[in-house]
Amino acid sequence: MSASAATRPPPRNPIVLVPARMASRRLPGKPLAVIEGRPMIVHVLERAEAAAIGPVVVACAEPAIADAVERAGGRAVLTRPDHASGSDRIYEALQAVDPGVEHDAVVNLQGDLPTIDPALPAQALALLADPAVDVGTLAAEIADPAERDDPNVVKAVVSCQPGGAQGRALYFTRAAAPTGDGPLWHHIGLYAYRRDALARFVSLPPSPLERRERLEQLRVLEDGMRIEVAFVETVPLGVDTPAQLEQARVLIAGNAE
């Protein structure tokens, strides 16, 4: 850890940014998919606001998403539609909404998590209290054996003591790793960045391992930055397919009863 990193204070003024775009290979237009009478992106907005860790802004690629957010009383920022990743999208939005650099940390909450527990963003953000940590994220222990070899389930390889509540990320992979006895961790794509770490990350070209695994968080690790992982009980439902959308509708309808 460098001397400058050793003296970094914990974030004092975070902001939550929610990237959203209509293009989706398996579920086009999903931000506006209706769940209990409201677009999915509005459900995510409400969960992010319930987290109560800072202002919430939706970074969207299309005016239709911005319109839905603003009709619900939220704030949206239009960004370029051709961004390669959600991280690039939220960084453009951050520069637009905070040109004075008031916010020192950014929580990236994906726009397809309409049932996420509002407590989770704060758990990722809390990891930045350690001055050595550049990025905080989450993982849950894999309980379903089918997930072990599913390449759509990203595994976090974490250095931690047995039974520990968190640890340092060493790698992320679509393979079943590490081998041997012990838990495997299902990575949850929610990130809390120090602002300077996010700026550094988006300035870097895609790294070799990132390209190979198709996982942008490997760019952070290959550059030498530190990602810390907090362990949580369950993985929030990500909506990427029509079947998952129906599952979200059932869950949210059940909670509304």
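## Basis of the model

Because the model is predicted, local features need pLDDT of at least 70 and side-chain atom pairs count only at pLDDT 80 or more, while totals for chains, interfaces and linings use all residues. Residues are numbered from 1 along each chain as its sequence is written, and side-chain values use heavy atoms, with hydrogens and water left out.

Helices and strands are DSSP runs numbered from the N terminus, helices being H or I over at least four residues and strands being E over at least two. Of the 10 residues of β10, 9 are buried, so the strand is largely enclosed by the rest of the structure; buried here means under 20% relative accessible area, with exposed over 50% and partly exposed in between, for a 1.4 Å probe and protein chains only.

Two strands are taken to pair if DSSP finds at least two bridges between them. Strand β7 (residues 135–141) runs antiparallel to β10 and is joined to it by 7 bridges, with Glu 141 standing opposite Trp 185. Strand β6 (residues 105–108) is also antiparallel to β10, with 4 bridges, and its pairing places Asn 108 opposite Tyr 191. Strand β8 (residues 155–159) is joined to β10 by 2 bridges, again antiparallel, and Lys 155 stands opposite His 186.

## The cavity

Rolling a probe the size of a water molecule over the atoms shows where empty space is left. A cavity is a set of points, on a 1 Å grid over the protein atoms alone, where a 1.4 Å probe fits but cannot get out, and its lining residues have an atom within 4 Å of a point. Grid points are joined across faces, edges and corners, and the volume is the space filled by probe spheres set on the points. By this rule there is 1 cavity of 30 Å³ or more, and the largest cavity holds about 30 Å³ of space.

The lining of the largest cavity consists of Ser 87, Val 135, Tyr 191, Tyr 193, Phe 201, Glu 216, Gln 217, Val 220 and Ile 227. Two elements, β10 (185–194) and α9 (217–222), each give two or more residues to this lining. By class, the lining has 6 nonpolar, 2 polar and 1 charged residues, where Ala, Val, Leu, Ile, Met, Phe, Trp, Tyr, Cys and Pro count as nonpolar, Asp, Glu, Lys and Arg as charged, and the others, Gly among them, as polar.

Thr 173 belongs to strand β9 (residues 166–173) and counts as buried, at 4% relative accessibility. A polar atom of its side chain lies 3.0 Å from the backbone nitrogen of Ala 175. Beyond its neighbours within four places in sequence, Thr 173 is in contact (heavy atoms within 4.5 Å) with Val 153, Val 154, Lys 155, Val 157, Glu 213 and Leu 215.

Leu 215 sits in the loop between α8 (208–213) and α9 and is likewise buried, at 5% relative accessibility. With neighbours within four places in sequence left aside, the contacts of Leu 215 are Val 154, Phe 172, Thr 173, Arg 174 and Glu 210. Leu 215 and Arg 174 are 41 residues apart in sequence, and their C-alpha atoms are 8.7 Å apart in space.

## His 83

His 83 lies in the loop between β5 (76–78) and α4 (86–97) and counts as buried, at 14% relative accessibility. Its side chain makes a polar contact of 2.5 Å with the side chain of Glu 92; such a contact is a pair of N or O atoms within 3.5 Å, where within protein one must be able to donate a hydrogen and the other to accept it, and residues adjacent in sequence count only if both atoms are side-chain atoms. Leaving aside neighbours within four places in sequence, His 83 is in contact with Asp 88, Arg 89 and Glu 92.

Conventions. On a 1 Å grid over the protein atoms alone, a cavity is a set of points where a 1.4 Å probe fits but cannot get out, and a pocket is an open set with protein on both sides within 12 Å along at least five of seven lines; lining residues have an atom within 4 Å of a point.
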